[in-house]
Amino acid sequence: MTSFDALLLLSFGGPEGPDDVLPFLENVTRGRNIPRARLEKVGEHYHLFGGVSPINQQCRELKAAIEADFAAHGVDLPVYWGNRNWTPYLADTVRQMTADGVRRAAAFVTSAYSGYSTNDQYLNDIARAREEVPGAPEIDKLPVYCGRPGFIEPFVDAARDALSRLQGDVRLVFTAHSVPLSQPNYELYVAELEQTARTVAEKAAPGTPWDLVYQSRSGSPDQPWLEPQITDHLEKLRGEGVRAVAAVPVGFVSDHMEVKYDLDVEAAGRAAELGIAFARAATPGAAPRFAALPRELLAEVGALPARTTGETG
Ligand SMILES: CC1=C(CCC(=O)O)c2cc3nc(cc4[nH]c(cc5[nH]c(cc1n2)c(C)c5CCC(=O)O)c(CCC(=O)O)c4C)C(CCC(=O)O)=C3C
Ligand SMILES: [Fe+2]
């Protein structure tokens, strides 16, 4: 049986002050064809919030919630945190794990889906960090968890809450980060998003019409990405007479910048111009049910030490 001696929380990372913004954006887009103008525009989104992305604080809170869940269930595993694009950088975390004597860690990634940006890129990050650190522990990514109750249920509650803030005939609009169609496996990402949206819609509001749309597109305009974009979709809905939209960002696990700017500022602003009432549902964040997922996934792969499975001795 597999047994792990640590959990690694692996995330995207984000700037924590104005001077971090440009170096962070350079880290994210290194080797990718993102136009300079798009980078400057995205930099402004961060500067609107004092140059601070919410994502690192959200990771600190999720880490604390996972530790509390482990403690409440007698799971005796240290939890580490590392990022792809900002401090704490994954390689530094792996260095610390190595110094602490960790031999085999399970990685819980702040991304719930299959696909290149959502899964494969994190696997590459793990491989690269391990290459950098002599004697690094083995690190196995835990399974994709978009279909798990710990991910679905917080969205069901959040969708109900968003719907309760609106009146009349409401359209549920599920959103996720767009990716270029050149990405390998983007069809699997789309299929999982559709399944998640359908499940949340059926549980939160059976019979309510829903759509799956995309946001936060970058890249050059002549490159095809997943569509429609939420702002274009709001225009189309307005044309159909829709006056109230509940947006549910099922593509994300926390209310980071892609949610706080692209939905709460940009999409909400477009909705206001169009005369559409707009309510945005919360993401799982550090909700206890979501923070229980690492433990549930560890138990499922048979990797919890015997003393934590309820048996004694
Ligand atoms: C699928 C997906 C997720 C969801 C899965 C996951 O959560 O991992 C995600 C999350 C995030 N994306 C984030 C930020 C950015 N993503 C960018 C660029 C890109 N994202 C892409 C995809 C995704 N991104 C892609 C295909 C690109 C093009 C360049 C490339 O192929 O890599 C850029 C460059 C500028 C721009 O063009 O927007 C930025 C700044 C943040 C941090 C937010 C914060 O700071 O709070 C988070 C959580
Ligand atoms: Fe992104």
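**View 1. Helices around ligand 1.** Four helices, α1 (21-29), α2 (36-48), α5 and α9 (257-260), each supply at least two residues of the shell around ligand 1. Here helices (H or I, at least four residues) and strands (E, at least two) are DSSP runs, numbered from the N terminus. The top contributor is α1, with three residues. This is a predicted model, where local features need pLDDT of at least 70, side-chain atom pairs count only at pLDDT 80 or more, and totals for chains, interfaces and linings use all residues. Residues are numbered from 1 along each chain as its sequence is written, while chains are lettered from A and ligands numbered from 1 in the order in which they are written.

View 2. Out of 26 residues around ligand 1, the ones that come nearest are Gly14, Ser53, Ser218, His256 and Met257. A residue is near if its C-beta atom, placed from the backbone, lies within 6 Å of the molecule.

View 3. Ligand 1 lies between domain 1 (6-16 + 53-144 + 287-308) and domain 2 (149-280), because both give residues to its shell. The domain bounds come from an automatic or database domain assignment.

**View 4. The four-stranded sheet.** Look for an open sheet with parallel pairing and the strand order β2-β1-β3-β4. Strands β2 (79-83) and β4 (138-141) are the edges, each pairing on one side only. Two strands pair if DSSP finds at least two bridges between them.

**View 5. Strand β1 beside β2.** Strand β1 (residues 6-11) runs parallel to β2, and five bridges join them. Leu10 stands opposite Gly82 in β2.
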